[in-house]
Structure formats: structure tokens, C-alpha cells
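Subject: Structure for you to look at

Hi,

Here is the structure I said I would pass on. Please open it alongside this message and follow along.

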Amino acid sequence: MASVIDGKKIAGEIRENLRQEVTWLRETHGMVPGLAVVIVGEDPASRVYVRMKRQACETAGIASFHHELPGDTPQNLLLELIHRLNADPAVHGILVQLPLPDHIPERVILETISPYKDVDGFHPFNVGMLSIGEPLFPPCTPFGVMMLLRHVGIDPKSRHVVVVGRSNIVGKPMAMLMLAAHATVTVAHSRSHDLPALVRSADILVAAVGKPRMIPGEWIREGAVVIDVGTNRLPDGSLCGDVDFASAEKRASWITPSPGGVGPMTIAMLLSNTVKSAKRVHGLPT
Ligand code: NDP
């Protein structure tokens, strides 16, 4: 039976450490890390995420600057806001909540955020830095996965990591971070042949697909580590991952639940990237 990786608890510890660090930065250097969060439109899930991020900032002592714009905001007004935030010395991180309304191209917006305030790590500059193994800001969800593994003492070095999913926000950066950690990496996606065989070959499986319980326990190799990034809402309103937890935990050595695994780490890493950015601006080691 697998040991369960308690992401909620680990994220809580990281957030408490950050709170203490922020207090120290304020008391010794008179500085307050600041995160600007921009949301455009009424998407209910996005609003929940933004509220959670704001509360997390407050608890950690990070200043949060909240910008809520109507869904019909023209692109140029959003760009103007981002330019203002880029120039604002109180803002160390800028997060534009995705998805954006259809009339605003995500790429243009993400490229306008200063790479030095891009705490989500989505700017092409940071994508490039990640691919050469020197990210200014590793994207929060895959970074959270690396921290979970580190926390429970699992080193991906020389292990075969299979990442299912190749999105720009999870699958691809996950693969890059695993490569940087000296894993041998396979990335599977919707056109991959024989997914069960690929999953069976994993020492460490990272599932980031977005399909409820699509990976059954029988596909998991005995003793594998299973990281489930998937967060899927079922018709009854409950959440579940991409992996069938009940059958997978019988074969895995370690497993994350979903919810309560990777999800809480994403916000903790966002706070961590914001504090890192503030320290960099003030010339402190990061
Ligand atoms: P995307 O929809 O952007 O990407 C899904 C990926 O899964 C694609 O690469 C797709 O392949 C692949 N895929 C789809 N169907 C299959 C299949 N049958 N077999 C193999 N691969 C398949 O999703 P995201 O990466 O944004 O998110 C993935 C999951 O992670 C979601 O459940 C999301 O909610 C969750 N998530 C959780 C976060 C958190 O915990 N904080 C943060 C971000 C995401 P192709 O490229 O070929 O289409």
C-alpha cells in the first residue's frame, strides 16, 4: 500500500516558512513583497482561484494588488495596466489569471509581463531559461511537484519519469524540470501509442491530462511513484484526479491524492516565486 504524499500539509509548512521570511524581510530590510493579480471576466473557477491566491498572500504578509476587469475590457486597456504594474516598484510579481476572454490573445498578454515579474513562469524568456536549466521562475505547478518529491526524499535522478500531458503550463515545464533533475523523461500525449505500456514503464508517473480517473491502477508499475496533477470536477460536484486513486495506491510506493496533493503546492510556489522576485530586486540572495 502506498504512502500518501500530503500536499496540503507540506504546502502549509512551506507557507509558514515564507510567512516567517516575509516578516524577517520587513523587519530587517523594510521591504514587503507584492503580487498583482489580474482577472478579466466572470469565470467562476478563476474567481475561486484568485480569491485563494489573495488570501494566501494576506496570510503570508505579502501585499496583494487586485485588479478585476469586466469581460469586455479591450486588449489595449489590459496592456496599459500590465505596463503600469511592470513599472510599479511595490509589485514584484504579476499574475494574469487564465483563461482570458476570447477577444484577448493570451500570448500577447503573457509576453507583455516583465520577465522579471513573471512569477507564473509563462513568458517565452522564462520558458527559454527553463529549457536551459536556469529558470528565473519555475512554473508553479510543476515546481510544486518537484518540491513534493524533495520533501518526501524522492530523487528523480536516473529514474524514468513519464509525464502524461504536454501543455505549456504543466506537462512541458514538468518535463524540463525533471530533465534538469537528471531524470530520463518520456512525455506522452493524446497521440501517443500504447499509453498503458508507457505508464507501466514509469518509475515516477506524473499525470496531467484533465480526464477523471483515466489511469487505472493496473497500468501502474509495482512500487512506482504516482503524482496526480489532474483536478477534475465530477457531475456530483466532487473533485478527483486523472489517476484512479483506490486501485493505484495498492501498487504505488508513494502517491498524491487529488484534491490535497499537487493543488495546494501551486499557490505555495506562487508565493515563493514572489518572495524570490522581491529579494532579487533588493539584491538579496535567492
Ligand atoms: P490541457 O488540457 O492543457 O492539456 C492536457 C494534456 O493531456 C494535453 O497535452 C493532451 O494531449 C493530453 N491528453 C488528453 N487526452 C489524453 C489521452 N487520452 N491520453 C494521453 N494524453 C492525453 O490541461 P492542463 O495541462 O492545463 O491541465 C491538466 C490537468 O491538470 C487538469 O485536470 C487541470 O485541472 C490540472 N491542473 C492542476 C493544477 C493544480 O493542481 N494547481 C494547475 C494546472 C492544471 P494533446 O496535447 O495531444 O492534446
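Below is what I found, taken region by region.

Please keep in mind that this is a predicted model.

**Domains**

The protein is split into two parts: domain 1 covers 31–114 and domain 2 covers 140–263. The C-alpha centres of domain 1 and domain 2 are 29 Å apart.

**The six-stranded sheet**

Start with the open sheet of six strands. Its order is β1-β11-β8-β7-β5-β6, and the pairing is parallel. β1 (3–4) and β6 (184–188) are the edge strands, each pairing on one side only.

Strand β5 (residues 160–164) runs parallel to β6, and five bridges join them. Look at valine 161: its bridge partner in β6 is valine 185. β5 also runs parallel to β7, here with four bridges. In that pair, valine 162 has leucine 205 of β7 as its bridge partner. β7 then pairs with strand β8 (residues 225–228), again in the parallel sense and over four bridges.

Which residues of β7 are buried on its two faces? Ile204 and Val206 are buried on one side, and Leu205 and Ala207 are buried on the other. Both faces of β7 are therefore covered, given that buried means under 20% relative accessible area.

**Helix α7**

Helix α7 spans residues 171–180. Its buried residues are Gly171, Pro173, Met174, Ala175, Leu177 and Met178. What covers them includes two helices, α5 (124–131) and α6 (140–151). The strands β5, β6 and β7 (204–207) are also among the cover. After α7 comes histidine 182, with a positive phi near 70°.

**The three-stranded sheet**

There is also an open sheet of three strands. The order is β3-β2-β4, with parallel pairing. Its edge strands are β3 (63–69) and β4 (93–96), and each of these pairs on one side only. From one strand to the next, the twist averages 15°.

Strand β2 (residues 34–40) and β3 run parallel, joined by seven bridges. One place to check is glycine 34, whose bridge partner in β3 is alanine 63.

**Helices α1 and α2**

How do α1 and α2 cross? The axes of helix α1 (residues 7–29) and helix α2 (residues 44–60) come within 8 Å and cross at roughly 55°. That angle makes α1 oblique to α2. In α1, the contact residues are Arg15, Arg19 and Val22. They meet Ala56, Thr59 and Ala60 in α2. The residues of this contact divide into three nonpolar, one polar and two charged.

**Proline 257**

Last, a loop residue. Proline 257 sits in the loop between β11 (254–255) and α10 (262–281). Is it buried or exposed? Proline 257 has a relative accessible area of 18%. Buried means under 20%, so proline 257 is buried. Leaving aside neighbours within four places in sequence, proline 257 is in contact with Val4, Ile5, Phe245 and Val262. Of these, Val4 belongs to edge strand β1 (3–4).

Best wishes

Methods. Residues numbered from 1 in each chain as written. Predicted model: local features only at pLDDT ≥ 70, side-chain atom pairs only at ≥ 80, totals over all residues. Heavy atoms only, no water. Pairing = 2+ DSSP bridges. Domains from an automatic or database assignment. Axes fitted to C-alpha atoms, helices over the stretch in contact; angles between N-to-C directions. Parallel < 35°, antiparallel > 145°, perpendicular 65-115°, else oblique. Contact = heavy atoms within 4.5 Å. Nonpolar A, V, L, I, M, F, W, Y, C, P; charged D, E, K, R; others polar. Buried < 20%, exposed > 50% of the residue type's maximum accessible area, 1.4 Å probe, protein only.
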